[in-house]
Amino acid sequence: MKINHIEIKNFKSLKHINLELSNLTVITGVNSSGKSSFIQALLLLKQNQESLKAISNFKMIESSMQEHKNEDMYKSMRKLIDESKKLSLNLNGPYTELGRTTDILNQEIYDEDITITLVMKDISYKVACDSKDLIINIDSKVPIESIMNIFLEDFQYINTGRIQPSITYPLSEVDIKKNLIGHKGEYTAHYLAENRRKNLNIKGLKHPRSITNQLLENVSLWLGEISSGIDISTKIYNELQKVNLTYSYVYGENKSNEFTPLNVGFGITYVLPVIVAILKSKPNDLLIIENPESHLHPAGQSKIAELCSIASSNGVQIIIETHSDHFLNGVRVATKKEILKPKDSQVYFFKKEKNALETTVDKINIDKNGKIDKWPIGFFDEWDNQLDKLLW
């Protein structure tokens, strides 16, 4: 199941937003408009999933628990339930670091809870946190697994601070077994080394020139849309607990020497985790990717948008934060080419009004011809603004 709605209250600049999500949701807007805060709210749920699971489970036990014949057992269970009611939100962990309580509170609230509500079909899961001590309270009639399964196992987050060119990269058996490549894509090379012959879960993601459905071949070919003729190789050095990543180029019937990431374009290595995250996905997975267009030329940005569109049309839910009009236009073209249905994408423009701290959001739709239904001020209009200055 995918997330249908997210409602967030009193979190940073998000005083109150309620967004309908689609298979592909594109978040854009000017700097410091609340886009990252929206993603951080989701990451907080993932970061605190064990606490949320404990609270949900003990809440259900409490509602059905009666006085037990074994008094000691009853007291022990009662103690665990009471302790679960004292669990607070962890702001600083592996997924996001947000500092102190005062750093995440909306500036205009007083004594109000921070709430994050997820809705999947007719199931609602509301997480509320006290504004003073961040004690967690859950309002839901269903166990956490009913709403949070996407966060427990089928979740991949790729942040904007991705891996940079290096001769070797780290290994992580734990992450690879969970089908993950790390938040920065730091285990991408290891994942490719272990799963290079693994077949794609979604046949629609197979590159048109690919002979097989195997992961590494298709990664190379999709990466070749950005740097023509590129080929990827990986090799694990267990004694060093490192993996080597190299690139070579096929030209005509020849193949170049192998080059380390230090000797090819920066954007190649930077986008590699994005391509792998998409190609390894399966229906009902949730991907959150920040700035997939970074360090890519315009054609490459559009090609990544096409790849996201193909995955989304095959049931993968993807949330993208982007500043790229080329990415947006890539989604528009994919819609016109019927790769993606209009109902399977949604664009949101985050902004703050002048002299205001609160984020407001414009909902923008793409029709079957790839046309945008409205263009609010600041929404990818800088090209026209600069052109006007040149012409007049």
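Guide: Let us begin with two terms: helices (H or I, at least four residues) and strands (E, at least two) are DSSP runs, numbered from the N terminus, and two strands pair if DSSP finds at least two bridges between them. In this structure, Glu 7 stands opposite Thr 117 in β4, and five bridges join strand β1 (residues 5–11) to strand β4 (residues 114–120), the two running antiparallel. Please keep in mind that this is a predicted model, in which local features need pLDDT of at least 70 and side-chain atom pairs count only at pLDDT 80 or more, while totals for chains, interfaces and linings use all residues. Residues are numbered from 1 along each chain as its sequence is written, and side-chain values use heavy atoms, with hydrogens and water left out.

Visitor: In what order do the five strands of the open sheet lie?

Guide: Strands of a sheet pair through backbone hydrogen bonds, either parallel or antiparallel. Here the order is β2-β1-β4-β5-β6, with antiparallel pairing, and the edge strands, β2 (14–20) and β6 (136–139), each pair on one side only. Neighbouring strands of this sheet are turned by 10° against each other on average, direction ignored, where axes are lines fitted to C-alpha atoms, for helices over the stretch in contact, and angles run from 0 to 180 degrees between N-to-C directions. Helix α1 (residues 35–47) packs on the sheet, touching β1, β2, β4 and β5 (123–129), and contact means heavy atoms within 4.5 Å. The direction of α1 makes about 100° with that of β1.

Visitor: At what angle do helices α7 and α9 pack?

Guide: To read such an angle, note that values under 35 degrees count as roughly parallel, over 145 as roughly antiparallel, 65 to 115 as roughly perpendicular and the rest as oblique. Helix α7 (residues 188–195) and helix α9 (residues 266–279) pack at an angle of about 45°, with their axes 10 Å apart, and α7 and α9 are therefore oblique to each other. Thr 188, Tyr 191 and Leu 192 of α7 make the contact with Leu 272, Pro 273 and Val 276 of α9.

Visitor: Is strand β13 mostly covered or mostly uncovered?

Guide: The word to know is buried, which means under 20% relative accessible area, whereas exposed means over 50% and partly exposed lies in between (1.4 Å probe, protein chains only). Strand β13 (residues 317–321) is mostly covered, since five of its five residues are buried. On one side these are Gln 317, Ile 319 and Glu 321, and on the other Ile 318 and Ile 320. Strand β3 (residues 24–29) runs parallel to β13 and is joined to it by four bridges, with Val 26 having Ile 320 as its bridge partner. Strand β12 (residues 286–290) also runs parallel to β13, through five bridges, and there Leu 287 is partnered by Ile 318.

Visitor: Why is helix α8 described as largely enclosed?

Guide: Eight of the nine residues of α8 (residues 215–223) are buried, so the helix is largely enclosed by the rest of the structure. What covers these buried residues includes α7, β9 (230–237), β10 (242–251), α9 and α10 (298–313).

Visitor: What is His 207 in contact with, leaving aside its neighbours within four places in sequence?

Guide: His 207, which lies in the loop between α7 and α8, is in contact with Asn 218, Leu 221, Trp 222 and Glu 225. At 2% relative accessibility, His 207 counts as buried.
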